[in-house]
Structures are given as structure tokens and as C-alpha cells.
Amino acid sequence: MTPSRSFRIARAVLLLVFAAYFFVPLLAMFDFSTQVRGSAPGRTWDNWTFMFRDEDLRSSIVASLLLALLTVVLMIALLVPTMVWVRLRVPRAKKLIEFLCLLPLTIPALVIVVGIGNVYSWVTYLLGDSALVLTFAYVVLVLPYSFRAIDASLSAIDATTLSEAARSLGAGWFTVVVRVIMPNISGGILGAAFISVALVLGEYVFASLLRFDTLPVAMAALYKSNGPAAMAAALASMLLVSALLVGLTFLSRDRHRRNPGASS
Amino acid sequence: MLGAFQDEDGALTLGNLDALTSEAAVSALKGSLILSASTALLGAVLGAVLAYLVVSLPPRSLLRRGTLALSGVLAQFGGVVLAFAWIATIGQVGIVTQLVSDLFGADLYGSGWLFGLPGLVVVYCYFQIPLMVIVLAPAFEGLRPQWREAAVNLGASTWSYWRHVAIPLLTPAFLGALLLLFANAFAAYATAAVLVSQGQPIVPLLIRQAITSEVILGQANVGFALALEMIVVVTVVMVAYSLLLRRTSRWMR
């Protein structure tokens, strides 16, 4: 049934209204970030270069990026062997693992922080005061999303046959996981890594309440002294995250196209 | 969570739960519930409209795929950046504020409503609507055109098609999404933490005050109690959600 003319016009108008609601704040942020300080007329890119010049902000960016990297590495090192092992040897535990992995999604992050606060005073006591110790909390935080990505691609391959074939050719469990299973689920792992980076770069609750200087915390602090520069940094981080997430949707579309029969 | 039942010396007590009935806690809980319910309702209705508009576009159109991909991004988009974006838009020197005052001479900023509960409603909708779109778009796609053709063949008008076919089919999905949005708004913290610097209109901010306060010591356990309260609310919502899901899956074979 083809839509009528009046419906099309109404649709176009409504879509424009929604587009305005979603894009005006972003444009406003861009406009604000190119303003000269103190509302003087004129445009400047100073605020955009500020994030490379300012010592505090730069160190927080480095900390956030390192944190993202460590979280991804630890997440993969924990999740992939566990999930492969559960799928091959103890299928009964699958429900339990799934429940545990999805739990952080239902509990508000704030509540986790309140509970984890005491644990962290010990962690910082043992491992030092660097922001990188947040990795442990972030791995828990990204579990639900990465679990789903990896689980989807793991159920698309025949892990049992692959591992039995590798085992009968004399491969150890390490070789099976790293050299046989992992290349086969690289799409899912990449997707999990993308969404983890996106989440870690935007995470504010843990970092601010446990008093670590990551990028969002530094931005919020910077906003009070130099608004436009904070806006520029916020917009830059947002663009990076959107690029990652859009890349993720294209990645998953490619995967679906390659094996259309797979149910994920 | 044991901390909710302990006092300063670690002895067991129910005293912290008394703090939940204090005026500040009750008003914060009320604020949180109002905020979550209103943004869930607004986000669900507007998101459903947008989802329908998007799904009515041709399946291969760039606009449709682009909107769905963008919704995926924006639904994740909360936190500090979102607060900044809205301050730049309708804050004291935001571009929309200035535009309105130039064109109509009206003062959109008013007395700073952006930084209170009404402002949070507007801002939260920014991530609630896209979330609704990605949750509900598959339900709209599941409405087969054949059903509509069958209804029209049997003499149904557009209105009676919606009234008797489409809306009953979509209701479970809509209600489920509504609960999801409610839980999402209830748990959100970062945006509110940056926007609101005075007062504690919602529970998450009250928790922040309880565990970071340097003025009143010994509040940490009250924070635990408040966190427990949040868990209770979220659990209720999630149980309702899974019950609803079970009911729906019975019909969606």
C-alpha cells in the first residue's frame, strides 16, 4: 500500500522536527566550542587545540585511552576462554554465565559504585593510585554488551567440531582457543572491543565517585573554568565514540551478509 | 549491601532505613519516580511515532537505515557530553535561548529550569527516544502489510484498523519498552550530576551527596540504604518486565 500524499508531507515535517531536536544541541555545542572566550565576536580553533596543550586534559585523555585498551584486553582474556570452555565442556553452566554477564545491565551503575567503594580502597592500597585500576570495574561494566557480541558469533560457528578436529591433530587447549576459535569469531570480538571502548571513554559514574581523573571527569572539571575548551573536548570524544559505534553497525551488517543462514 | 543495615561501628541496625523516610529522601524518591515515569512516557510515545515514521519509509532507503544507525549511537549517548550539549543549546547563553530572545523577545532560560527537574525531563528524552526507536522498530516491522490489506478488504477504515488490529498487537511490545525506559531513566546519573549542582532532586544525586559529602560525616551507610532502595525499585520493574515478556511470548509464536 503506497502512502498518501498528505501522509508523506506530515511524515517529512515530523522527521524534520525530530532531526532538529537531535541535531541542534550538537550544532550548538560546535558553535560554542569555536567561540572566543568571554563572548567576544569572531571564531577560533584555539579551543580545539587546547586539549593537546593542556597538561591535565592531555594526561586524562591518555589515561582514558589506556584504560580502554586494558579493559578490552582483560575482557577478551577473561571472556573468550570462559565462553569457549562453557560451550564445549559444561553446557549446563551456560544459563548461569549468561545471567552473571547480564547482571550489570540491570543493576544501576551507581549502586555498583556504592558497593564497590570499600573494595576499591583496598585495590588502590595494593596497586597504587593510578586511574588504570578502574579497569577491573570497567570489565564488569562492559560484560553484558561484549557477552552478547561474542555469544552471537560463537553460536554461528561449530565450535565443537573445530576444537575436536584441532585436538585430534595434537593441539593443546591454548592453541585451540587462540589459533582455531579466536580467528573464527574475530568479528564478534572486534564488535565487543568497539562497544567496550565506546563505553569506557564515556564512563563518568565510577570515575567521578571513586575520584579518578579520566576524560569525562576532567571535562566536567574543566567546564567550570574554560567552557568552550570543555565543549571541544566533549565533541571530539563524542565523534570518536559515534565513529566506533557506526563502524560496529556496519561490521555486524557485513557479518550477517556473509553467513545469512546463521541465527544470532 | 550489608552496609545498609550497619551503623558507624559495624553493628547491625535498621536505623539507616529510617533515613529513607526523611523528608529529603522521600522528595528525592518522588522526584526520581516522576522523572523516570514522565521521560519514559514521553520517550515511549515520541519514540513510537518516530519508529513508525521510519518504518513507513521504503526498506532500502538511506534515511531509514541512517536513522536506525543513529538511534543506536544516540541511545548510548548520555553522560557529561549530553549535559554540555544542552547547556550550549538552551543554557543561559545557548544559541536557541539567544535566537528566541532576538526573534520574539522571550526569555527561554527563565530562572534556570534547565538545571532542575523540568530540564532533566527534556534532556533525558534525548536518549530515551532513540532507545524506544531501536526497541520498537522491530515490532513495527513485524506488522505485515497483508494484515492491513485483509482489514481493508473486510471494510475497515484506517482508524478501525489501528484500533482493532495494530494497537492490540503492539501493546505488549510498547509496555515492555516503557518499563525498560523507566529503568533506564531511573538508573541514569552522569548527565544529572553535571547539570544539577544545587539541591538533590533525584535519588542518584542524593546518593552522591551521601557518599562524597565532606560536611556531614557518617553518611556512607545512608548511601547504602538509598542504593538498596534503588535496587528494590529496579527489581520490581524488571520482574514486571519479565512477566510481561512471558505473557507476550505466549501469543507471539
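Is the crossing of helix 3 of chain B and helix 6 of chain B left-handed or right-handed, and which residues make the contact? In this predicted model, the crossing of these two helices is left-handed. The contact draws on B:Arg64, B:Leu68, B:Ser71, B:Gly72, B:Leu74 and B:Ala75 from helix 3 of chain B, while helix 6 of chain B contributes B:Tyr126, B:Phe127, B:Pro130, B:Leu131, B:Val133, B:Ile134, B:Ala137 and B:Glu141. By residue class, the contact comprises ten nonpolar, two polar and two charged residues.

The geometry of the pair was examined next. Two packed helices are described by the angle between their axes and the distance between the axes. Helix 3 of chain B spans residues 62-75 and helix 6 of chain B spans residues 117-141; their axes come within 8 Å and cross at roughly 135°.

Chain A was characterised as a whole. Twelve helices and zero strands were assigned to chain A, and the order along the sequence is accordingly α-α-α-α-α-α-α-α-α-α-α-α. Chain A has 264 residues, of which 45% count as buried. The accessible surface of chain A amounts to about 13900 Å², with 67% of that area belonging to carbon and sulfur atoms. Among contacts in chain A that link residues at least 6 apart in sequence, 73% join residues at least 24 apart.

Conventions
Residues numbered from 1 in each chain as written. Chains lettered and ligands numbered in written order. Predicted model: local features only at pLDDT ≥ 70, side-chain atom pairs only at ≥ 80, totals over all residues. Heavy atoms only, no water. Axes fitted to C-alpha atoms, helices over the stretch in contact; angles between N-to-C directions. Helix = DSSP H or I, 4+ residues; strand = E, 2+ residues; numbered from the N terminus. Left-handed = near helix turned anticlockwise from the far one by under 90°. Contact = heavy atoms within 4.5 Å. Nonpolar A, V, L, I, M, F, W, Y, C, P; charged D, E, K, R; others polar. Buried < 20%, exposed > 50% of the residue type's maximum accessible area, 1.4 Å probe, protein only. Areas by Shrake-Rupley, 256 points an atom, 1.4 Å probe, with all protein chains shown as cover.
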